[in-house]
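Please keep the model open while reading.

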Amino acid sequence: MSDTRTRPAPKAAVILTQSAEERVAALMAKAPEGAIGVKLSTPRRGCSGLAYSVDYVTEETAFDEKIETPGGIFYIDGASVLYLIGSTMDWVEDDFTAGFVFENPNAKGACGCGESFMV
(Lines give C-alpha, C1' and ligand atoms only; values in the text may rest on other atoms or scores of the structure.)
Protein backbone atom coordinates (compact mmCIF):
# COMPACT_ATOMS: atom_id res chain seq x y z
CA MET A 1 0.00 0.00 0.00
CA SER A 2 1.24 3.49 -0.89
CA ASP A 3 1.95 6.30 1.60
CA THR A 4 0.72 8.85 -0.94
CA ARG A 5 -1.93 11.20 0.36
CA THR A 6 -4.22 13.43 -1.62
CA ARG A 7 -4.68 16.96 -0.35
CA PRO A 8 -7.54 19.18 -1.44
CA ALA A 9 -6.60 21.98 -3.83
CA PRO A 10 -5.71 25.16 -1.94
CA LYS A 11 -8.33 27.89 -1.80
CA ALA A 12 -7.68 31.07 -3.74
CA ALA A 13 -6.18 33.93 -1.74
CA VAL A 14 -9.12 36.15 -2.74
CA ILE A 15 -12.73 35.07 -3.20
CA LEU A 16 -14.58 36.87 -5.97
CA THR A 17 -18.30 37.38 -5.55
CA GLN A 18 -20.58 36.65 -8.49
CA SER A 19 -20.83 40.40 -9.10
CA ALA A 20 -17.02 40.70 -9.21
CA GLU A 21 -16.78 37.76 -11.61
CA GLU A 22 -19.40 39.40 -13.84
CA ARG A 23 -17.38 42.63 -13.82
CA VAL A 24 -14.19 40.73 -14.77
CA ALA A 25 -16.16 39.23 -17.68
CA ALA A 26 -17.37 42.70 -18.75
CA LEU A 27 -13.82 44.06 -18.57
CA MET A 28 -12.46 41.17 -20.61
CA ALA A 29 -15.23 41.60 -23.21
CA LYS A 30 -13.87 45.08 -23.96
CA ALA A 31 -10.21 44.45 -23.11
CA PRO A 32 -7.52 46.02 -25.25
CA GLU A 33 -5.75 43.78 -27.75
CA GLY A 34 -3.18 41.57 -26.08
CA ALA A 35 -4.83 41.54 -22.63
CA ILE A 36 -4.89 38.01 -21.18
CA GLY A 37 -6.66 38.84 -17.93
CA VAL A 38 -7.26 41.26 -15.09
CA LYS A 39 -4.77 41.62 -12.22
CA LEU A 40 -5.18 42.75 -8.62
CA SER A 41 -2.16 44.28 -6.91
CA THR A 42 -1.48 46.38 -3.82
CA PRO A 43 0.92 49.19 -4.77
CA ARG A 44 2.25 51.53 -2.10
CA ARG A 45 0.01 54.57 -2.29
CA GLY A 46 -2.15 56.81 -0.15
CA CYS A 47 -1.79 57.90 3.46
CA SER A 48 -2.17 54.38 4.94
CA GLY A 49 0.44 52.66 2.80
CA LEU A 50 -1.19 50.19 0.39
CA ALA A 51 -3.99 50.56 -2.14
CA TYR A 52 -5.98 48.13 -4.25
CA SER A 53 -5.29 48.34 -7.99
CA VAL A 54 -7.07 46.36 -10.70
CA ASP A 55 -5.61 46.54 -14.21
CA TYR A 56 -5.41 44.60 -17.45
CA VAL A 57 -2.43 42.28 -17.77
CA THR A 58 -0.73 41.23 -21.02
CA GLU A 59 1.55 38.47 -19.74
CA GLU A 60 1.77 36.03 -16.89
CA THR A 61 4.35 36.74 -14.21
CA ALA A 62 6.07 34.12 -12.09
CA PHE A 63 4.53 33.75 -8.61
CA ASP A 64 1.24 35.48 -9.51
CA GLU A 65 -1.83 33.55 -8.41
CA LYS A 66 -4.11 32.65 -11.31
CA ILE A 67 -7.86 32.23 -10.81
CA GLU A 68 -10.02 31.05 -13.69
CA THR A 69 -13.42 32.74 -13.68
CA PRO A 70 -16.26 32.15 -16.16
CA GLY A 71 -15.48 35.46 -17.88
CA GLY A 72 -11.70 35.38 -17.94
CA ILE A 73 -8.51 34.92 -15.99
CA PHE A 74 -8.05 36.89 -12.78
CA TYR A 75 -4.51 37.28 -11.47
CA ILE A 76 -3.26 38.32 -8.04
CA ASP A 77 0.17 39.90 -7.89
CA GLY A 78 2.56 37.47 -6.19
CA ALA A 79 3.98 40.21 -3.96
CA SER A 80 0.46 41.17 -2.83
CA VAL A 81 -0.92 37.72 -1.97
CA LEU A 82 0.15 37.85 1.70
CA TYR A 83 -1.75 41.13 2.19
CA LEU A 84 -4.89 39.67 0.60
CA ILE A 85 -5.27 36.11 1.94
CA GLY A 86 -8.84 35.54 3.06
CA SER A 87 -10.19 38.65 1.33
CA THR A 88 -13.42 38.94 -0.61
CA MET A 89 -13.64 41.16 -3.69
CA ASP A 90 -17.05 42.47 -4.74
CA TRP A 91 -18.28 44.83 -7.46
CA VAL A 92 -20.77 47.38 -6.14
CA GLU A 93 -22.80 49.95 -8.10
CA ASP A 94 -25.27 52.50 -6.83
CA ASP A 95 -26.64 55.84 -8.08
CA PHE A 96 -23.38 57.67 -7.34
CA THR A 97 -20.45 55.27 -7.51
CA ALA A 98 -19.28 52.01 -8.98
CA GLY A 99 -16.20 50.04 -8.07
CA PHE A 100 -14.56 47.02 -6.56
CA VAL A 101 -14.98 46.76 -2.79
CA PHE A 102 -12.70 44.62 -0.62
CA GLU A 103 -13.36 42.90 2.67
CA ASN A 104 -9.82 42.24 3.87
CA PRO A 105 -9.26 40.57 7.26
CA ASN A 106 -5.57 41.55 7.09
CA ALA A 107 -6.21 45.30 6.98
CA LYS A 108 -5.46 46.85 10.36
CA GLY A 109 -6.65 50.28 9.36
CA ALA A 110 -7.56 52.51 6.44
CA CYS A 111 -7.35 56.16 5.55
CA GLY A 112 -10.40 58.34 5.91
CA CYS A 113 -11.08 58.52 2.18
CA GLY A 114 -10.88 54.73 1.84
CA GLU A 115 -8.21 54.80 -0.88
CA SER A 116 -5.55 52.95 1.07
CA PHE A 117 -5.10 50.47 3.90
CA MET A 118 -2.38 49.20 6.24
CA VAL A 119 -1.49 45.69 7.35
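In this predicted model, two aromatic pairs are counted when ring centres within 6.5 Å are taken as the criterion. One of them is formed by Tyr52 and Phe102, whose rings are stacked, with 3.9 Å from centre to centre and 10° between the planes. This pair links distant parts of the chain, since Tyr52 belongs to the loop between strand 3 (50-51) and strand 4 (53-57) while Phe102 belongs to strand 8 (residues 98-103), and the two residues are 50 residues apart.

**Aromatic rings and their surroundings**

- Trp91 and Phe100 are both buried.
- Trp91 also has a charged neighbour, as the charged end of Arg23 sits over its ring at 4.3 Å from the ring centre.

**Strand 8 around Gly99**

- Gly99 is a residue of strand 8, and with a relative accessible area of 18% Gly99 is buried.
- When residues up to four places away in sequence are not counted, Gly99 touches Asp90, Trp91 and Val92.
- Gly99 and Arg23 are separated by 76 residues in sequence, yet their C-alpha atoms are 9.4 Å apart in space.

**Helix 1**

- Helix 1 (residues 18-29) consists of 12 residues and spans 16 Å from its first C-alpha to its last, which is close to the 16 Å expected at 1.5 Å a residue.
- Ala20, Val24, Leu27 and Met28 are the buried residues of helix 1; because they cover an arc of only 95° around the axis, they lie on the same side of helix 1.
- On the face of helix 1 turned away from its buried side are the exposed residues Gln18 and Ala29.

**Chain as a whole**

- The protein chain contains two helices and 10 strands, and its elements follow the order β-α-β-β-β-β-β-α-β-β-β-β from the N terminus on.
- Of the 119 residues in the protein chain, 34% count as buried.
- The accessible surface of the protein chain is about 7800 Å², and 52% of this area belongs to carbon and sulfur atoms.
- If contacts between residues at least 6 apart in sequence are considered, 51% of them join residues at least 24 apart.

**Two loop residues**

- Ala31 lies in the loop between helix 1 and strand 2 (37-41), where its relative accessible area of 23% makes Ala31 partly exposed.
- Ala31 and Tyr56 are 25 residues apart in sequence, while the C-alpha to C-alpha distance between them is 7.4 Å.
- Phe63 is located in the loop between strand 4 and strand 5 (65-69), and with 77% relative accessibility Phe63 counts as exposed.
- The phi angle of Phe63 is near 80°, which is a positive value in a residue other than glycine.
- For context, most residues other than glycine have a negative phi.

Technical notes. Residues are numbered from 1 along each chain as its sequence is written. This is a predicted model: local features need pLDDT of at least 70, side-chain atom pairs count only at pLDDT 80 or more; totals for chains, interfaces and linings use all residues. Side-chain values use heavy atoms; hydrogens and water are left out. Rings of Phe, Tyr and Trp (its six-membered ring) pair if their centres lie within 6.5 Å; planes under 30 degrees apart count as stacked, over 60 as edge-to-face and the rest as tilted. Helices (H or I, at least four residues) and strands (E, at least two) are DSSP runs, numbered from the N terminus. Buried means under 20% relative accessible area, exposed over 50%, partly exposed in between (1.4 Å probe, protein chains only). A charge sits over a ring if NZ of Lys or CZ of Arg is within 6 Å of the ring centre and within 35 degrees of the ring normal. The expected span of a helix is 1.5 Å times one less than its number of residues. The arc is that of the directions from the helix axis to the C-beta atoms. Contact means heavy atoms within 4.5 Å. Accessible areas come from the Shrake-Rupley method with a 1.4 Å probe; for residues, only the protein chains shown count as cover.
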